[in-house]
Amino acid sequence: MGKKNKYKEEAAPAPQQPQQQQQQQQTPRAAPAPSQAASTSGAGQQPGGQQAPQGQQQGGWQQSGQQRAQGGQQRPQGQQPGGWQQSGQQRGHGGQQGGQQSGQQGGYQQRGPPGGQPGGQQGGQQGGYQQRGSQGGQQGAYQQRGPGAAAPLPPQVGTIPRGTLGRPGQCGVNYLDVDMSKMPSVAYHYDVTLTPERPKKFYRNAFEVFRVQFLNNKIAAFDGRKSCYAVEKLPNVSGEVEVIDRHGRTVHYTVTVKETDNSTVELSSLHNYMKDKIYDKPMRALQCLEVVLAAPCNMRSIRAGRSFFKTSDNGSRVSLGDGYEALVGLYQSFVLGDKPFVNVDVSHKSFPIAVPVAEYITSHALGNRVSDLRNYTLTDGDLWRIIPFIKGINIVYEPPKSFATAPRVYKVNGFSAQPACSQKFELDGKTMTIEAYFASRNYKLQYPKMQCLHVGPPVKNIYLPIELCRIEEGQALNRKDGVNQVSAMIKFAATSTTERKNKIMNLLQYFNHNADPTVSRFGIHIAGDFITVSTRCLAPPQLEYKNNNFKGPMNGSWYMDRCQFLKVIEKSHKWAILNCDSSRIPYGKLSEMESLVVRQAKNVNVCLEPKADIRNFRDERNLDEHFKELKGKKYDLVFVIIPTRNGPTYDVIKQKAELQHGILTQCIKQFSLERRLNPQLVDNVLLKVNSKLNGINHKIKDDVRTKLSNVMYLGADVAHPSPDQRDIPSVVGVAASHDLFGASYNMQYRLQCGGGGGAREEIEDMDGIVTEHLRVYHQYHKRYPEHIIYYRDGVSDGQFMKIKNLELKGIYAACSKLGIKPKMCCVIVVKRHHTRFFPLGTPHPRNKFNNVDPGTVVDRTIVHPNEMQFFMVSHQSIQGTAKPTRYNVIENTGNLDIDLLQQLTYNLCHMFPRCNRSVSYPAPAYLAHLAAARGRVYISGTRLSRSPQEEYKRRLINPEFMKMNPMYFV
C-alpha cells in the first residue's frame, strides 16, 4: 500500500463528453477520474470508460441446471432487452417484451416459471439493476465478441459455492497449463550453507561449480540462498570452490549440502489435492517447483522478487530521465486453482543506467549544461540534485593501468567536501591531496577540480575520482521512484491487453523454460498459450438522484445530465476563497471562479451564498489568522488556492485547517485555476464539496435481493513508508458508513510501528477504532448495526489469519463491550497480484486498450479450491490493461450468499463520491485509503521523536470539526 501515489490536488479532470450528448445539453456534468495514479506495472490503473456506439444493444441471458440458451434477441432501436432470467430446469429465449419509450426491463428477474414478463412503461424500470441507455442507447458495456461469448458456465468443482448471476462469457487469463504427467512422485529438499556469507551475489555461481565437482553433475535446483531440490538423493557433502567474478577477482566459498529433517517433498500431491482436500502438501510442492521454474531465468536476467528482468538490447533502451532506464521482466509463480497453473505476467522496473559517473553527471544530472568537467566544481545545487541518485548505488572503480590492480565494487556514501586538487588525506604519516596521490603513482587526473566519490564504509575516508568510476549494471534498487520516473514509466507500461500478451510471449520465448535441463529433469512442461476461463458480467446498478431520477452506467461511467444530488443540506453555506500573494492571480480570475462555482452549485442544488469572501494571505502565519477569523464568523467552507511556488503546501493547509482550527477546506492548485477553470472542473470539485458538507451525491436504487437493512460498511487500509523512509510510522486509515445507503462515512486514523520500528500491517487499535465508529453510527440511527461488512485492503496472502485473529477479534471486542452481536462478513481486497484478463476475438473500436467489460467476474478454474474467492473487474481502465481485484471472504457469520456478495461489492464500486465512475474496488476500502493518506499528511514535514501513540495524540483532529463534517477527508 505504501507505493500508491497520492495527488495533492482535490479536483481531477474528466474525459470529454461524447459529441452526441454535448448536443443535447449545454453544461454536461461529466465523470471525473479518481485522483490516483496508475502503478508502473499497469497495475492499479484507475477506472475509465468510453461511450459505446449509439444504438448498439446487448442481450440478456438465461441460466439453468441442465440447458442454457443465449438470450436477448435483437430489438428495434429504443428498446432494451430483458435482464437475467432464472428458473427451474429449462429456459427458453431470454428476450422480454420491451417497454415503451426506451423503457428497460429489470436486471434480476425473479426465479419462477419460464416465460417473458411485461416491460415497464414511460421509461419505468422493473426489478433491480437495469441499464439505462440515452435515447435509444445501449445496455451494459461493449458487446462481447469472439467465439464462445455466451458459453454456459462449467460445472462447479469443490464444495465452495460459486456465483451464478451475470451474462456468461469467456476470456483468456495469463495462466499457463502445466503438464505434470512425467513428473516424479517425490523430490528431496536439502539445506545449503555457503561461507563466507558475503558476497551473496556469487552464490549461484559457487553452487553450480560445487554441483559439477562434488555432486557428480546431478541436477539440483538452487534457490540462491539456503535450499536446493533434487529428484534423486544427494550425498551430504562439503567442499571448497573458486569463483571468478566479471572483473577478474577470485572469490572462495565453502559449500555444504545437507539433507533436511523432513526432506521428502510429495510432488504427487499436486495431482490429487482436489480429491484428498489436503492443501499443505501441495503448497510445499509448489515451493519446490517455483525454484525449478526459476532455473532457466537466473543466469540470463536480473532478479527482483519473483520477476526476471531482461537487460536492454543495443539501441532499445527506454530512458526514464534522471539516469534511470525501464527494463521489462517476466513475473512467474505457481498458483493453485482447479489444478496447478503458472501465472506469468510482464513487470516493469526502473534501474540505474550503467554509464561512467562523469557521463551521468553531464548528460543526466546537469542536463547537458556542462559538457566539459575539467575545470568544473559541483555547486550546492548540483549536489542537491545528484546525491539522491548516487547515494547507495554501487559503482565499479577501475584503477589506472599503472596501478596493476583489478577493478573493485564499492557503495557510494556521497561526495568529498573538497575537489580532488584540495581534498587532503593521510598516507604513511604524510598529508597529501588526492590529485597529488594519483600523480605520485603516474596518473594525472582529468577532472582535478571535481569532487571525489566517498565510498565504502562511511567511517573510512575512501575517496575515488569520478573519472575512474562507472555505475554498476543490473542494480535492482529498493527505492521509491521520483515523480518524473513514475510518469515516464506509466507511459511506457500502460499498454493494451494485446501488446501486454505479446510482451509476455516474447519473454517466455527468450527464457525457453521447456528446454532447460533442470525443468526437464523434474518432468514438467508448461504450455505455450494462456488458458481460457468462464466469466460472468454482472449488470451495473441503477443510480438514484433527486426526484427519483435514475442513471445507468455505461462502460463504467455515467453522466448526471440535469440531475441534482440526492441530498444536500438545506442552508445557505457561507464560503470564502483564500489566495496566496505569491501566486499573483488577478482578482478577476478569482471572481470568475466565484461566479462559476455559484452557477454550477445551483445546477446540482448545492446551497452556497451568492457571494464568497475573497481574500489574499501573505504566508503561513497570515493563513492562520484568516482561518481563525473565518472560523469565528462560522464560515462553512474555504477554497484555498495552492500556489505553484513560495507558499504553503497542501499538507500545511490541511494540518492547520483540520488539526488546529477545525474549518472545512477545499484545495485547488494554481495551475488548475489558471489553465483549466471550466464548468467540468467545478462540477468535479462539487462532487467532493457536497460530500464534505454532509450531502449525498447518489445512492444505489433499492433492490430487495441485494439490500441489507441496518448495515455498517467498514473499510481499512494501512499506508507504509517507502523503503528509504524507515523513520516514518505506518498510518492506519479506517472508514465506516453512518447512513442507510453506504454513501456517508466517517474516519479514524492511527500511527503504529512493528517490531524494531519497522512497518506493521495488522491494525493494533481495532477495538478502539470500531468502538468510535459504532458510537457515530448509533448517534445517527439510535441503534447499532445488524450487519458489519468489512473490506480490508492491502493484505498479503500470508497475513489472512493475522487479520482474523487480531483485527476481527478487535471488532468483536468492540461489539461485546456494547452488548451487540452483529453478523460479520470480512472480505480481503487484494490488488497486488498478477492475474489479468484478456478478451477473446476482435476488440471493439472504442475499447482502446481491449479490456474486458466492467462487471466481469471470474470465480471458477483459477480460484483457490478451498476458499470463497473471486476476481472482479469493476472499472473501465483509463490507460493500460485493467487489473482485476481479488476478493477473499475470510469470515461470513451471516452466511451471505455469494451472488449477493458479488453484486453488493460491484454496487459499492459505484459509490465512490469523488467521481461519476465505477472504481476498481469498493468505496469503503477506497475511502480507507484516503483516510490513511490524510494521516500521512498530518505527519508530513515534522520530526517524529516520540512513540507512534504519543505522536498521534499530538495530532488529534479537532473533535467539533469531526462531528460537524465527518466526511471532510474526501
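Modeller: Glu-259 counts as partly exposed because its relative accessibility is 25%. The cut-offs are these: buried is under 20% relative accessible area, exposed is over 50%, and partly exposed is in between, with a 1.4 Å probe and protein chains only. This is a predicted model, so local features need pLDDT of at least 70 and side-chain atom pairs pLDDT 80 or more, while totals for chains, interfaces and linings use all residues. Residues are numbered from 1 along each chain as its sequence is written, and side-chain values use heavy atoms, without hydrogens or water.

What does Glu-259 meet? Its side chain forms a salt bridge with that of Lys-233, at 2.9 Å from N to O. A salt bridge here needs a side-chain nitrogen of Lys or Arg within 4 Å of a carboxyl oxygen of Asp or Glu. Glu-259 sits in strand S9 (residues 250–266) and Lys-233 in the loop between S7 (227–230) and S8 (237–244), so the bridge ties together parts 26 residues apart in sequence. Helices (H or I, at least four residues) and strands (E, at least two) are DSSP runs numbered from the N terminus. Lys-233 is also partly exposed, at 44%.

The whole structure holds 43 salt bridges. One of them joins Asp-853 and Arg-167, at 3.2 Å from N to O. This pair links distant parts of the chain: Asp-853 is in the loop between S35 (837–839) and S36 (856–858), Arg-167 is in strand S4 (residues 167–179), and 686 residues separate them. Both Asp-853 and Arg-167 are buried.

Another bridge joins Glu-629 and Lys-633, with the closest N and O atoms 3.0 Å apart. Glu-629 is partly exposed at 36%, and Lys-633 is partly exposed at 42%. Salt bridges with shared partners also build one network from Arg-246, Glu-398, Arg-470 and Glu-473.

Arg-198, Lys-200, Lys-226 and Lys-411 form a positive surface patch. Patch residues have over 30% relative accessible area and no salt bridge; like charges are joined within 9 Å, and nonpolar side chains (Val, Leu, Ile, Met, Phe, Trp, Tyr) within 5 Å. Lys-200 is partly exposed at 44%. It lies in the loop between S5 (186–195) and H2 (203–214).

That loop also holds Pro-196 and Pro-199. The bond from Thr-195 to Pro-196 is cis, with omega near -5°. The one between Arg-198 and Pro-199 is cis too, with omega about 5°.

For a covered element, turn to S25 (residues 575–580): six of its six residues are buried. Trp-575, Ile-577 and Asn-579 are on one side, and Ala-576, Leu-578 and Cys-580 on the other. In a regular strand, side chains alternate between the two faces of the sheet. S25 runs parallel to S27 (residues 637–642), with five bridges between them; pairing requires at least two DSSP bridges. Asn-579 has Ile-641 as its bridge partner in S27. S25 also pairs in the parallel sense with S26 (residues 613–617), over five bridges. There, Leu-578 is partnered by Arg-615.

Last, two backbone points. Asn-694 is not a glycine, yet its phi is positive, about 70°. Lys-782 has a positive phi near 60°, and counts as exposed at 66%.

Note on methods
Areas by Shrake-Rupley, 256 points an atom, 1.4 Å probe, with all protein chains shown as cover. Lys, Arg positive; Asp, Glu negative; His and termini not counted. Charge placed at Lys NZ, Arg CZ, Asp CG, Glu CD.
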